Amino acid sequence: MQEVISLALPFFGLIFLGYVSGKIRSIPAEGLEWMNFFILYLALPALFFQLLAKTPIEELANLSFVATTTFSTYCVFALAFCFGILKTGRIGEATIQGMAGAYSNIGYMGPGITLATLGAAAAVPTALIFCFDNILLFTLLPLMMALGGNEKVGFRKAAFGVARQILTHPFIVSTILGVGAAAIEFKAPAALDTLLTFLRSAAAPCALFALGVTVAIRPMGRIPGELPILLFIKLILHPLLVLLLLNWIGGFSPLWVATAVLMACLPPAANVFVMATAYQTYVQRASAIVLLGTLASVVTVTAFLYAITNNLLPGM
């Protein structure tokens with residue numbers, strides 16, 4: 001248990017420090033923009049590129065792993081979406097609820113927690129899950145919103161917008177470059193490699209602190225009655241479904257299974273609130289789900305960390 005606390009405390013401690021800082025200092029939200037730019041466009045892309053570039057190319061072509069984890073994310077999205085339809089009858093709100101049930105905080109929390117728990121070997125499955133989960137969710141969101149009437153654009157324009165959003169995302173671009181570097185066995189010059197290491201080392205602490213501040217400065221709003229169901233889907237059902245399917249298909253490294261479970265058990269991403277704001281749908285409730293989901297994950301993520309580090313889950 002001491003080992004689990006040592007792993008979990010720094011991550012949630014950084015989020016807590018960011019949250020407290022956001023509450024005690026009335027700094028405008030615009031102050032986060034440059035930090036978010038640094039995290040999204042420099043630090044995390046450097047982490048993905050450097051780790052993937054040093055990975056044998058054959059490890060990056062595990063299509064069955066990608067298909068299984070992405071299908072699991074789709075299943076929990078569909079479940080949360082159907083629950084939202086039954087609850088509200090509105091496609092727009094149900095889509096944001098689907099995102100809350102499926103979109104893990106795989107950008108800010110994912111790489112830090114998987115690499116700290118499982119080592120550098122977790123970089124490949126972490127990057128694959130990040131890329132393909134984002135491709136899935138970035139595709140579903142505008143298409144479902146267009147179907148619900150929240151976005152009055154033609155299918156061709158919506159499809160072009162989805163493709164542009166995916167292909168220009170800095171994490172996905174850095175992953176593609178990293179895979180390309182691995183394929184040609186590119187060796188970065190010493191100075192560039194040192195710069196990438198500096199950026200990579202800053203990724204997790206800056207991202208977690210910024211997440212805490214972001215949660216602190218956003219209004220809580222009314223706590224939605226559907227919160228327990230959505231958090232159950234996200235924090236418990238999602239990782240258990242990933243574990244079940246990976247073990248059912250079989251043939252995966254225990255480290256890759258553990259990485260997938262850790263990525264799936266993370267709380268709803270702050271991007272859920274960003275998406276709700278962009279479409280002016282379910283905004284206040286999305287904010288409450290992100291905040292309370294992050295708080296609840298202190299218990300659930302720690303429990304999964306304990307189970308993984310003590311080999312209590314099948315397939316590990």
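Glu93 has a relative accessibility of 17% and therefore counts as buried, where buried means under 20% relative accessible area, exposed over 50% and partly exposed in between, with a 1.4 Å probe and protein chains only. The side chains of Arg90 and Glu93 meet in a salt bridge with an N to O distance of 3.3 Å; the term stands for a side-chain nitrogen of Lys or Arg within 4 Å of a carboxyl oxygen of Asp or Glu. The model is a predicted one, in which local features need pLDDT of at least 70 and side-chain atom pairs count only at pLDDT 80 or more, while totals for chains, interfaces and linings use all residues. Residues are numbered from 1 along each chain as its sequence is written, and side-chain values use heavy atoms, with hydrogens and water left out.

The whole structure has 2 salt bridges. Glu226 and Arg285 form one of them, with their closest N and O atoms 3.3 Å apart. This pair links distant parts of the chain, 59 residues apart: Glu226 is in the loop between helix H9 (190-217) and helix H10 (227-249), and Arg285 is in helix H13 (residues 283-309). Helices here are DSSP runs of H or I with at least four residues, strands are runs of E with at least two, and both are numbered from the N terminus. Glu226 is buried at a relative accessible area of 1%, whereas Arg285, at 22%, counts as partly exposed.

Aromatic rings also link separate parts of the chain. The structure holds 5 aromatic pairs. Rings of Phe, Tyr and Trp (its six-membered ring) pair if their centres lie within 6.5 Å; planes under 30 degrees apart count as stacked, over 60 as edge-to-face and the rest as tilted. Phe65 and Phe252 make an edge-to-face pair, 5.9 Å centre to centre with 65° between the planes. Phe65 is in helix H3 and Phe252 in the loop between H10 and helix H11 (254-264), 187 residues apart. Phe65 is buried at 0% relative accessibility, and Phe252 is buried at 13%. Phe65 also pairs with Trp256: the ring centres are 4.9 Å apart and the planes at 75°, so this pair is edge-to-face. Because Phe65 lies in H3 and Trp256 in H11, the pair ties together parts that are 191 residues apart in sequence. Elsewhere, Trp34, Phe37 and Tyr41 form one aromatic cluster.

Helix H3 (residues 63-88) also holds Thr73, which is buried at 1% relative accessibility. Its side chain makes a polar contact of 3.0 Å with the side chain of Asp133, and another of 3.4 Å joins the side chains of Thr73 and His238. A polar contact is a pair of N or O atoms within 3.5 Å; within protein, one must be able to donate a hydrogen and the other to accept it, and residues adjacent in sequence count only if both atoms are side-chain atoms.
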